[in-house]
Amino acid sequence: MPAVQRRRGTMHDINIVPYVDVMLVLLVIFIITAPLLTHAVKLDLPKASSQPNLTKPDHIALSIAADGALFWNGEPVDRRALRERLAVASRQRPQPEVHLRADRAAHYQPIAEVMADAANAGMARIGFVSDPEER
């Protein structure tokens, strides 16, 4: 009988030599590139103040009652006086905000007229104020 022949089976050990080679190549690359990453260019950048501008514009509380009566910051005004005050307020810098508060029972017509008067006077910021219902 012939000599016993050994069969080569699958290798069960992990060959780490290729991994060590790749690790050494990466190590050399990082050693070469690390000094390049720390190189800085000196620039003379402009200095700016970081303090925010805290001038808040005033607001105008315009109220419309259920019967259509107009109130400027709680003071009753007629429509002509309202237009004059809006024209004066639109020239202020910074321009005040118009906070429009209308009664729940007020008709839409006086609200639309006040909004149109404010827009025609040049008021840029008009907001509605409402009280949320408790349910």
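## Basis of the model

Local features of this predicted model require pLDDT of at least 70 and side-chain atom pairs pLDDT 80 or more, whereas totals for chains, interfaces and linings use all residues. Residues are numbered from 1 along each chain as its sequence is written, and side-chain values use heavy atoms, with hydrogens and water left out.

Helix H1 (residues 17-37) contains Leu24; helices (H or I, at least four residues) and strands (E, at least two) are DSSP runs numbered from the N terminus. H1 has 21 residues and spans 30 Å from its first C-alpha to its last, close to the 30 Å expected, the expected span being 1.5 Å times one less than the number of residues. At Ile31, H1 bends by about 25°, and Pro35 follows within four residues; the bend is the angle between axes fitted to the seven residues ending at a residue and the seven starting there.

Leu24 is partly exposed, at 42% relative accessible area (buried means under 20%, exposed over 50%, partly exposed in between; 1.4 Å probe, protein chains only). Together with Ile14, Ile16, Tyr19, Val20, Met23, Leu27 and Ile31, Leu24 forms a nonpolar surface patch of about 850 Å² accessible area. Patches join residues with over 30% relative accessible area and no salt bridge, nonpolar side chains (Val, Leu, Ile, Met, Phe, Trp, Tyr) within 5 Å and like charges within 9 Å. Accessible areas come from the Shrake-Rupley method with a 1.4 Å probe, and for residues only the protein chains shown count as cover.

## Strand E2

Trp72 lies in strand E2 (residues 70-72) and is buried, at 11% relative accessibility. Its C-alpha is 6.0 Å from that of Ala61, eleven residues away in sequence.

A salt bridge places a side-chain nitrogen of Lys or Arg within 4 Å of a carboxyl oxygen of Asp or Glu; six are counted. Glu113 and Arg79 form one at 3.5 Å, N to O. Glu113 belongs to helix H3 (residues 108-121) and Arg79 to helix H2, so the pair ties together parts 34 residues apart in sequence.

Arg83 pairs with Asp117 at 3.4 Å, again linking H2 to H3. Arg83 is partly exposed at 42%, whereas Asp117 is buried at 8%. Arg79, Arg83, Glu113 and Asp117 are linked in a salt-bridge network. Within H2, Arg80 and Glu84 are four residues apart, about one turn, and their side chains meet at 3.7 Å, N to O.
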